[in-house]
Amino acid sequence: METEVKDQLVSIEKPELVAPPNWEPVIMGILCNWCSYAGSDLTGTSRIQYPPNIRIIRVPCSSRVDPWFLIKSLQTTADGVLVSGCHPGDCHYITGNYYARRRFLVTKKLLNFVGFHENRIQFSWVSAAEGPKFAKVVNKVTEEIKKLGPLHLYKKENFEKK
Amino acid sequence: MNYTKQIQDIAAKLFTEGKIDVFVGYRMNGFDDNQVPVLITDPQDVSKLVFTDKSVFNLVNYLKTDHTRRKRVGLVVKGCDSRSLNLMLTESQVKRENLYVVGICCEGIVDDSGHKMQNCVECVVPDAVVSDELLGTPSGQKPYMVNVDIAALAAKPLTERTAYFEEVFENCIRCNACRHSCPLCYCAKCCIDQETATLYNGANTTSAAFHALMTWSLHLAGRCVDCRNCEKACPSHLPLHLLHKQNESVIYENFQEHLAGVIPEDRGAFYKYSLKDPDDFIM
């Protein structure tokens, strides 16, 4: 039993807080309708397994993703966020993801600056044909966030983890 | 730096010519050597106006009030203020033909202890970029410097930064003075208030403060001109400039050296894009 206690997972931002046994992260996946959502659909229809930790929200375009969405998800249940859209140049709305890209960089750097680990906020470009890539991305993100432990920062009262 | 006489003359001239209804300037606060903003509608009050190196506030903020809306306004702007005025003009919040702008070639504002303020030491554009009349001698654009506080904090380990900012957000009392004092926060309804729609969510918790300040600073990313009106207004003396300067430095480094409001008709950094924007952080 002692070895188990030693191996306990701690929150990377607050090392004094230990994760409960069998803790699984919750990841908010915000996917664009035209590429990544179709890509995730292809992953499912091709029977490729990916971790069930991701909770998917569909948005019209990656530029619909307000930095506010990330803040709100991190404040509630999420331990990490994954935002995914079309590859640059492939946007259904021609230039949406170019605008989104700027916002993502600034949001990621700012959240890292105020004390979130940079791996908690992740971005990816997944096209509608890249089913295996989507599974790979979700696997990687889940693995990375599992290492960081539960998020204990700025949770709303209802969502504070014991 | 003392332009009291010139500004009084200009204001008096404008009132006699009937060019303006209101003049926005500074006056002494009456009990020490600090100054407060003043809106002058009566030509006899022109003698109240002053301008020295203690004129800290950004008067562009007063263009959003009922006292100045749809009126012809005379206005004193320093370098940083003129950048925010430039953005307000670009975003169609004020009409240029309604304004008479007295631009100042600023030499730096002094705080209570007699030192130059931090944002004036790091100032990039000390001369007014929008003006009908320019006072002082222009000194030209200065090189951009990364804020010293940002550099010091970014070098610290993650857990220390987390602890530092938790204290910052904990001390916020959610008075929204930062929002009201910001010239670029002109929305009639603010999305931050959505959180305060219910009594419970509007509670003054660290989480609510985190939400409010982060949302606010991200809405100002690429638009903040570093006038530090928010920091002067904050009753808890929170280091609000940290959030803004962090965004500013990221934007300056990555997005073709974008500086808010320096070029006329140039909108914030999030209103445009470039194919050369960094892509390496995306999987």
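Tyr99(A) has a relative accessibility of 24% and is therefore counted as partly exposed, where buried means under 20% relative accessible area, exposed means over 50%, and partly exposed lies in between, with a 1.4 Å probe and protein chains only. The structure described here is a predicted model, in which local features need pLDDT of at least 70, side-chain atom pairs count only at pLDDT 80 or more, and totals for chains, interfaces and linings use all residues. Residues are numbered from 1 along each chain as its sequence is written, chains are lettered from A and ligands numbered from 1 in the order in which they are written, and side-chain values use heavy atoms, with hydrogens and water left out.

A pair of aromatic rings is described by the distance of the centres and the angle of the planes. Over all chains, a search of the whole structure finds 17 aromatic pairs, a pair being two rings of Phe, Tyr or Trp (its six-membered ring) whose centres lie within 6.5 Å, with planes under 30 degrees apart counted as stacked, over 60 as edge-to-face and the rest as tilted. In one of these, the ring centres of Tyr99(A) and Tyr273(B) are 5.0 Å apart and the planes stand at 75°, so the pair is edge-to-face. This pair crosses between chains, since Tyr99(A) belongs to helix H4 (residues 96-113) of chain A, while Tyr273(B) belongs to the segment after helix H9 (241-254) of chain B; helices (H or I, at least four residues) and strands (E, at least two) are DSSP runs, numbered from the N terminus. Tyr273(B), with a relative accessible area of 31%, is partly exposed.

The rings of Tyr164(B) and Phe165(B) are also paired, with centres 5.3 Å apart and planes at 90°, so that this pair is edge-to-face. Tyr164(B) is partly exposed at a relative accessible area of 32%, whereas Phe165(B) is buried at 1%. Both residues belong to a cluster linked by ring pairs, which comprises Phe113(A), Phe116(A), Tyr154(A), Tyr164(B), Phe165(B), Phe169(B) and Phe210(B).

Charged side chains are also found over aromatic rings, a charge being placed over a ring if NZ of Lys or CZ of Arg is within 6 Å of the ring centre and within 35 degrees of the ring normal. In chain A, Arg58(A) lies over the face of Tyr37(A), at 4.9 Å from the ring centre. In chain B, Arg267(B) lies over the face of Tyr271(B), and here the distance from the ring centre is 4.0 Å.

Grid points are joined across faces, edges and corners, and the volume is the space filled by probe spheres set on the points. The largest pocket holds about 630 Å³ of space and is lined by 25 residues, of which Leu184(B), Cys185(B), Cys187(B), His219(B) and Arg223(B) lie nearest its centre. Helix H6 (177-181) and helix H7 (206-219) of chain B each supply at least two residues of this lining, and H7(B) gives the most, with three residues. By class, the lining has 15 nonpolar, two polar and eight charged residues, where Ala, Val, Leu, Ile, Met, Phe, Trp, Tyr, Cys and Pro count as nonpolar, Asp, Glu, Lys and Arg as charged, and the others, Gly among them, as polar.

The second largest pocket has a volume of about 480 Å³, and its lining consists of 16 residues, with Val56(B), Asp111(B), Asp112(B), Met117(B) and Lys232(B) nearest its centre. Helix H3 (118-121) and helix H8 (229-233) of chain B each contribute at least two residues to this lining, which divides into four nonpolar, six polar and six charged residues. At least three lining residues come from each of domain 1 (4-135) and domain 2 (148-271) of chain B, the domain bounds being taken from an automatic or database domain assignment.

Arg47(A), with a phi of about 60°, lies in the loop between helix H2 (36-45) and strand S2 (54-59) of chain A and is exposed at 71% relative accessibility. Ser92(B), also with a phi of about 60°, is found in the loop between helix H2 (79-90) and strand S4 (99-104) of chain B, and its relative accessible area of 61% makes Ser92(B) exposed.

Key
On a 1 Å grid over the protein atoms alone, a cavity is a set of points where a 1.4 Å probe fits but cannot get out, and a pocket is an open set with protein on both sides within 12 Å along at least five of seven lines; lining residues have an atom within 4 Å of a point.
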